[in-house]
Amino acid sequence: MNRESFAAGERLVSPAYVRQGCEARRSHEHLIRLLLEKGKCPEDGWDESTLELFLHELAIMDSNNFLGNCGVGEREGRVASALVARRHYRFIHGIGRSGDISAVQPKAAGSSLLNKITNSLVLDIIKLAGVHTVTNCFVVPMATGMSLTLCFLTLRHKRPKAKYIIWPRIDQKSCFKSMITAGFEPVVIENVLEGDELRTDLKAVEAKVHELGPDYVLCVHSTTSCFAPRVPDRLEELAVICANYDIPHIVNNAYGVQSSKCMHLIQQGARVGRIDAFVQSLDKNFMVPVGGAIIAGFNDSFIQEISKMYPGRASASPSLDVLITLLSLGSNGYKKLLKERKEMFSYLSNELKKLSEAYNERVLHTPHNPISLAMTLKTLDKHCDKAVTRLGSMLFTRQVSGARVVPLGSVQTVSGYTFRGFMSHTNNYPCAYLNAASAIGMKTQDVDLFINRLDKCLKTIRKEQSKESDVSGVDNYDKTEDVVIEEMALKPDNVLLGTCQDSS
């Protein structure tokens, strides 16, 4: 209600009570005004009543919610289901216009304002997370892979001769397919083994630039967040190479916002060399449903070019989800989550180390990877590949998600390219291993439950191996229901594959 409405209410209810209610509303409105004025994430999270008031005020600015609106066009924000309308807080028009995903819609002032304030808040959080000199970003309603494709397609117009993208190998399908979908030829640079870690081969990158010719290279496509034993690419050195040869540099920062180390690498790379854009997932970094990403960079005009490359309007759902989440958390709440994630990484590392030693295994030494860990499975691999993949299926059937078992020597073809040792990021890693990661939102009980179930699975496999050894390899023991299910999971045509699968 506005001031006139409150004044009218004083004729029906005691003026003292009405003034008290008016002051309460003003406290909500004060938070909203500060948000719109500053465009930054509030330090302390909002309560649900303030959030719902804000969303309601925005929604009634859209034409589909006007009283007496007369729509005679083909896109008037009509929704058949009231449940669908409520699910979207009656934001129906989406964001952007046909020529620019960041443009303001005349029919949807509220949705446009939602889009602008969301991008502003996300930019503030990226700076808070460690990339202090980022100048622009926008939320795009596509996951990381397609968002990378959008970046490559934008570069196509700036580099008409370019046919190749130089890509230090990371065995994850969507980032590889993003280059194929954009119509470019990925040039795979194999990683080099340093201790247990797989690191960027800088000499091979520079040699490939010379071989292909800088004008024929669209960009270098590097990676920060990744599964151990691969570690983040040497971003600073790659950025210097890109600057020296005037080659664009696109960074896949999929779940790197939650890691101060990954964000520091991006900041340093931009400081000493060239980084044109970096792309990160909304769901992995902000705990919202899958379907959105953030494209950010240090050159405002280039980020605007990418936003204009997006064809047509776009869903507002990812923007709405991350806006609600950030306003609920506040910057202090998000910083607390980042701090807890680091603590969980240390806890997971210590607990996994204890367990690995009990089974004559070890946690691989990958100090440059701040999110993912890997434990060797050498004692299982001595018997057969089946024991390694069996562990993966056992964990899956025991509701352990996210842990990935990586056997030796697997071969997979992705978009016509064959990768040996697929999922291990190299042709011949020395041993099979198991991955686990400490991502934002993880709790102590998650770690404890994972370690407990992994321990039970390893014990079960050891017992089975002992029985098989006693009977000279003849399997004559009774199979439990779990074992039958796990063996089904090992069959190639079954969805529950025991070997590691592409998780995004």
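Predicted model: local features only at pLDDT ≥ 70, side-chain atom pairs only at ≥ 80, totals over all residues.
User: How do strands of a sheet pair?

Analyst: They pair through backbone hydrogen bonds, either parallel or antiparallel. Here, three strands form an open sheet, ordered β10-β14-β11. The pairing is antiparallel.

User: Which are the edge strands?

Analyst: β10 (372-376) and β11 (404-406). Each pairs on one side only. On average, neighbouring strands of this sheet are turned by 25° against each other, direction ignored.

User: How many bridges join β11 and β14?

Analyst: Three bridges, in the antiparallel sense; β14 covers residues 433-437.

User: What describes two packed helices?

Analyst: The angle between their axes and the distance between the axes. Take α2 (residues 15-38) and α3 (residues 48-59). They pack at an angle of about 65°, and their axes are 10 Å apart. Angles of 65 to 115 degrees count as roughly perpendicular, so α2 and α3 fall in that class. Their crossing is right-handed.

User: Which residues meet where α2 and α3 touch?

Analyst: From α2 come R25, H28, L31, I32, L35 and L36. They meet S49, T50, L53, F54 and E57 in α3. By type, the contact residues are six nonpolar, three polar and two charged.

Notes. Residues numbered from 1 in each chain as written. Heavy atoms only, no water. Pairing = 2+ DSSP bridges. Helix = DSSP H or I, 4+ residues; strand = E, 2+ residues; numbered from the N terminus. Axes fitted to C-alpha atoms, helices over the stretch in contact; angles between N-to-C directions. Parallel < 35°, antiparallel > 145°, perpendicular 65-115°, else oblique. Left-handed = near helix turned anticlockwise from the far one by under 90°. Contact = heavy atoms within 4.5 Å. Nonpolar A, V, L, I, M, F, W, Y, C, P; charged D, E, K, R; others polar.
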